[in-house]
Amino acid sequence: SVNMNGSKWFLCGFDSAFLWVRDRKLLLDVFSASGVFMAEVGETSIYNPEFKDWSVPLGRRFRALRIWMVFEYFGTSGVRSYIQQAIDQASWLRSKIEESALFEQPVQTKFGLVCVRSVKGEETTQQLAKHLSDLGYGIAPSKICEKDALRIALGSAATTQAHVEQLWKDMVTFAEH
């Protein structure tokens with residue numbers, strides 16, 4: 001089974017998730033809600049699931065509706081394209097960091113996350129974080145193996161390749177001075 005946060009990749013905003021279940025009977029055995037006060041559906045099947053027993057929050061704040069509307073509006077190809085764009089942007093930035101003598105990647109990441117730090121040390125990495133933040137970038141300072149690093153999460157619907165290229169230029173300009 002897999003549970004994935006929809007707010008990260010699926011343009012669904014806050015508080016939405018996808019749940020794929022290999023064996024739904026196990027899930028139903030754990031979360032089943034029943035009693036004489038609850039209406040019974042009769043026999044449930046893959047085409048007639050009783051979602052109240054899945055512990056899937058379908059009604060509160062219209063979570064399922066948000067997810068459905070994103071797929072209805074963009075279609076699976078549109079969502080796939082959006083995700084691929086973020087992955088491509090992150091891959092481009094990772095390749096630039098690999099080619100540079102100014103930065104290093106403390107861990108190898110995949111998808112839309114890039115972790116980076118200055119080769120000049122902790123203080124320079126902290127100054128870089130402040131500099132990028134002052135320029136308006138949403139950079140998250142972090143610690144990886146007890147050392148400062150920056151977490152750059154790409155995947156906003158508004159982020160273009162030009163934005164990522166400008167981020168890289170700003171990083172290099174700071175590191176060279």
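## Aromatic pairs

In this predicted model, Phe71 has a relative accessibility of 27% and therefore counts as partly exposed, a class that lies between the limits of 20% and 50%. Phe10, by contrast, is buried, because its relative accessible area of 11% falls under 20%.

Three aromatic pairs are counted in the model. In one of them, Phe10 and Phe71 adopt a tilted arrangement, with 5.7 Å from centre to centre and 35 degrees between the planes. Phe10 belongs to the loop between helix H1 (6-9) and strand S2 (17-20), while Phe71 belongs to helix H3 (residues 63-99); the pair therefore ties together parts that are 61 residues apart in sequence.

Another aromatic pair is formed by Tyr73 and Phe74. The arrangement of Tyr73 and Phe74 is edge-to-face, with a centre-to-centre distance of 4.8 Å and an angle of 85 degrees between the planes. Tyr73 is exposed, since its relative accessible area of 68% is over 50%, whereas Phe74, at 39% relative accessibility, counts as partly exposed.

## The open sheet

Four strands make up an open sheet with antiparallel pairing, in the order S3-S4-S6-S5.

S5 is joined to strand S6 (residues 147-153) by five bridges, and the two strands run antiparallel. Within this pairing, Ile144 has Lys147 in S6 as its bridge partner.

## Helix H4 across the sheet

Helix H4 (residues 122-134) lies across S3, strand S4 (113-118), S5 and S6. The direction of helix H4 is at about 30 degrees to that of S6.

Asp148 is a residue of strand S6. Asp148 counts as buried because its relative accessibility of 10% is under the limit of 20%.

The side chain of Asp148 makes a polar contact of 2.4 Å with the side chain of Gln126. When neighbours within four places in sequence are left aside, Asp148 is in contact with Arg117, Glu122, Thr125, Gln126, Ser142 and Lys143.

Terms used. Residues numbered from 1 in each chain as written. Predicted model: local features only at pLDDT ≥ 70, side-chain atom pairs only at ≥ 80, totals over all residues. Heavy atoms only, no water. Pairing = 2+ DSSP bridges. Contact = heavy atoms within 4.5 Å. Axes fitted to C-alpha atoms, helices over the stretch in contact; angles between N-to-C directions. Buried < 20%, exposed > 50% of the residue type's maximum accessible area, 1.4 Å probe, protein only. Polar contact = N/O pair within 3.5 Å; in protein donor to acceptor, adjacent residues only side chain to side chain. Phe/Tyr/Trp six-rings, centres within 6.5 Å; stacked < 30°, edge-to-face > 60°.
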